[in-house]
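I open these notes to record what I looked up, entry by entry.

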Amino acid sequence: MTSGTVTVKQNGKALVYLYSHMDSYPKGLGKDLAKFISHGVFVNGIGLDKPGQTQFNGAGCFAAALVKKLKRGPGDVYLAPQFWSEKFDYTIDIQERPRKKSVVTLSAKEGDRLLFKGKAADFLKWLKTPAAKEF
(Lines give C-alpha, C1' and ligand atoms only; values in the text may rest on other atoms or scores of the structure.)
Protein backbone atom coordinates (compact mmCIF):
# COMPACT_ATOMS: atom_id res chain seq x y z
CA MET A 1 0.00 0.00 0.00
CA THR A 2 1.27 3.45 -0.93
CA SER A 3 -0.31 6.32 0.96
CA GLY A 4 -0.50 9.91 -0.18
CA THR A 5 -2.06 13.28 0.36
CA VAL A 6 -3.96 15.73 -1.81
CA THR A 7 -4.19 19.41 -0.96
CA VAL A 8 -6.67 21.54 -2.89
CA LYS A 9 -5.80 25.23 -2.78
CA GLN A 10 -7.83 28.25 -3.78
CA ASN A 11 -5.60 31.17 -4.80
CA GLY A 12 -2.68 29.62 -2.90
CA LYS A 13 -4.61 29.07 0.34
CA ALA A 14 -5.40 25.52 1.49
CA LEU A 15 -9.08 24.67 1.11
CA VAL A 16 -9.19 20.87 1.61
CA TYR A 17 -6.72 18.21 2.76
CA LEU A 18 -7.24 14.59 1.78
CA TYR A 19 -5.43 11.44 2.86
CA SER A 20 -5.38 8.47 0.47
CA HIS A 21 -4.62 5.15 2.12
CA MET A 22 -3.45 3.27 -0.99
CA ASP A 23 -2.44 3.45 -4.67
CA SER A 24 -1.15 7.01 -4.32
CA TYR A 25 1.79 6.64 -6.71
CA PRO A 26 1.76 8.87 -9.84
CA LYS A 27 0.31 6.18 -12.15
CA GLY A 28 -2.47 5.60 -9.60
CA LEU A 29 -3.81 8.58 -7.65
CA GLY A 30 -1.77 11.08 -9.66
CA LYS A 31 -3.24 9.85 -12.93
CA ASP A 32 -6.76 9.86 -11.44
CA LEU A 33 -6.33 13.48 -10.33
CA ALA A 34 -4.97 14.61 -13.70
CA LYS A 35 -7.79 12.91 -15.60
CA PHE A 36 -10.44 14.40 -13.31
CA ILE A 37 -9.03 17.91 -13.73
CA SER A 38 -8.60 17.48 -17.50
CA HIS A 39 -12.15 16.26 -18.07
CA GLY A 40 -13.71 19.22 -16.30
CA VAL A 41 -14.18 22.88 -17.00
CA PHE A 42 -14.11 25.73 -14.50
CA VAL A 43 -17.04 28.09 -14.89
CA ASN A 44 -18.19 31.29 -13.23
CA GLY A 45 -21.78 30.35 -12.51
CA ILE A 46 -23.67 27.29 -13.65
CA GLY A 47 -23.91 26.99 -17.42
CA LEU A 48 -25.26 24.52 -19.91
CA ASP A 49 -23.86 21.03 -19.51
CA LYS A 50 -21.52 19.84 -22.22
CA PRO A 51 -21.74 16.08 -22.84
CA GLY A 52 -18.87 14.23 -21.18
CA GLN A 53 -17.60 17.31 -19.38
CA THR A 54 -17.96 18.05 -15.68
CA GLN A 55 -18.34 21.68 -14.61
CA PHE A 56 -16.72 23.14 -11.50
CA ASN A 57 -18.21 26.40 -10.25
CA GLY A 58 -15.00 27.46 -8.53
CA ALA A 59 -12.48 25.77 -6.26
CA GLY A 60 -15.00 24.82 -3.57
CA CYS A 61 -17.21 23.06 -6.10
CA PHE A 62 -14.15 21.29 -7.53
CA ALA A 63 -13.01 20.12 -4.07
CA ALA A 64 -16.45 18.68 -3.24
CA ALA A 65 -16.63 16.90 -6.62
CA LEU A 66 -13.12 15.50 -6.11
CA VAL A 67 -14.06 14.01 -2.73
CA LYS A 68 -17.13 12.44 -4.32
CA LYS A 69 -15.00 11.01 -7.15
CA LEU A 70 -12.26 9.57 -4.93
CA LYS A 71 -14.40 8.19 -2.10
CA ARG A 72 -15.33 4.67 -3.22
CA GLY A 73 -16.25 3.18 0.16
CA PRO A 74 -15.15 2.79 3.79
CA GLY A 75 -11.46 3.47 4.27
CA ASP A 76 -9.50 4.45 1.16
CA VAL A 77 -9.81 8.31 1.26
CA TYR A 78 -10.27 10.58 4.28
CA LEU A 79 -10.66 14.29 4.90
CA ALA A 80 -7.66 15.38 6.94
CA PRO A 81 -7.51 18.25 9.47
CA GLN A 82 -4.25 19.63 8.06
CA PHE A 83 -1.41 18.79 5.73
CA TRP A 84 1.03 16.07 6.60
CA SER A 85 3.47 14.35 4.31
CA GLU A 86 3.17 10.81 2.99
CA LYS A 87 5.05 8.85 0.31
CA PHE A 88 3.44 10.96 -2.44
CA ASP A 89 1.94 14.42 -2.00
CA TYR A 90 -0.19 16.19 -4.60
CA THR A 91 -1.27 19.82 -4.66
CA ILE A 92 -3.99 21.22 -6.90
CA ASP A 93 -3.81 25.00 -6.86
CA ILE A 94 -6.76 26.77 -8.48
CA GLN A 95 -6.08 30.42 -9.22
CA GLU A 96 -9.48 32.07 -9.61
CA ARG A 97 -9.42 35.35 -11.49
CA PRO A 98 -12.48 37.60 -11.91
CA ARG A 99 -13.86 37.54 -15.44
CA LYS A 100 -11.00 35.32 -16.62
CA LYS A 101 -10.47 31.59 -16.91
CA SER A 102 -9.17 29.86 -13.75
CA VAL A 103 -5.61 28.55 -13.88
CA VAL A 104 -5.12 25.08 -12.39
CA THR A 105 -1.69 23.76 -11.43
CA LEU A 106 -1.02 20.16 -10.37
CA SER A 107 2.12 19.40 -8.38
CA ALA A 108 3.41 15.95 -7.45
CA LYS A 109 6.12 15.27 -4.88
CA GLU A 110 7.80 12.15 -3.57
CA GLY A 111 9.01 13.20 -0.15
CA ASP A 112 10.95 16.43 -0.71
CA ARG A 113 11.56 15.70 -4.41
CA LEU A 114 9.36 17.62 -6.84
CA LEU A 115 8.35 15.21 -9.60
CA PHE A 116 6.05 17.45 -11.61
CA LYS A 117 4.44 20.88 -11.60
CA GLY A 118 2.19 22.13 -14.38
CA LYS A 119 -1.07 21.49 -16.21
CA ALA A 120 -2.97 18.26 -15.61
CA ALA A 121 -2.87 17.37 -19.32
CA ASP A 122 0.93 17.73 -19.22
CA PHE A 123 1.07 15.43 -16.18
CA LEU A 124 -0.63 12.71 -18.23
CA LYS A 125 2.05 13.20 -20.91
CA TRP A 126 4.79 13.15 -18.25
CA LEU A 127 3.59 9.72 -17.08
CA LYS A 128 4.68 8.34 -20.48
CA THR A 129 8.25 9.70 -20.22
CA PRO A 130 11.33 7.79 -19.02
CA ALA A 131 11.41 10.01 -15.88
CA ALA A 132 8.08 8.50 -14.77
CA LYS A 133 8.98 4.85 -15.54
CA GLU A 134 9.88 4.09 -11.91
CA PHE A 135 6.30 4.79 -10.90
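**Salt bridges**

I searched the whole structure and found six salt bridges, a salt bridge being a side-chain nitrogen of Lys or Arg within 4 Å of a carboxyl oxygen of Asp or Glu. The model is a predicted one, in which local features need pLDDT of at least 70, side-chain atom pairs count only at pLDDT 80 or more, and totals for chains, interfaces and linings use all residues. Residues are numbered from 1 along each chain as its sequence is written, and side-chain values use heavy atoms, with hydrogens and water left out.

**Entry: Asp32 and Arg72**

I looked up Asp32 and found a salt bridge with Arg72, with 3.5 Å between the closest N and O atoms. The pair links distant parts of the chain, 40 residues apart: Asp32 is in helix α1, and Arg72 is in the loop between α2 (59-70) and β5 (77-80). Helices (H or I, at least four residues) and strands (E, at least two) are DSSP runs numbered from the N terminus.

I then checked exposure, where buried means under 20% relative accessible area, exposed over 50%, and partly exposed in between (1.4 Å probe, protein chains only). Asp32 counts as partly exposed because its relative accessibility is 33%. Arg72, at 63%, counts as exposed.

**Entry: the network around Glu110**

Which residues are linked in a network of salt bridges? I noted Lys87, Glu110, Arg113 and Glu134. Glu110 meets Lys87 at 3.0 Å, N to O. This pair also links distant parts of the chain, 23 residues apart, with Glu110 in strand β7 (residues 103-110) and Lys87 in the loop between β5 and β6 (88-95). Glu110 meets Arg113 at 2.8 Å, N to O.

Is Glu110 buried or exposed? Its relative accessibility is 18%, so Glu110 counts as buried. Lys87 counts as partly exposed at 43%, and Arg113 does so at 40%.

**Entry: Ser3**

I found Ser3 in the segment before β1 (4-10). Ser3 is buried because its relative accessible area is 13%. Its side chain joins that of Glu86 in a polar contact of 2.5 Å. A polar contact is a pair of N or O atoms within 3.5 Å; within protein, one must be able to donate a hydrogen and the other to accept it, and residues adjacent in sequence count only if both atoms are side-chain atoms.

**Entry: Lys128**

I placed Lys128 in the segment after α3 (120-126). Lys128 has a relative accessible area of 72%, so I list Lys128 as exposed.
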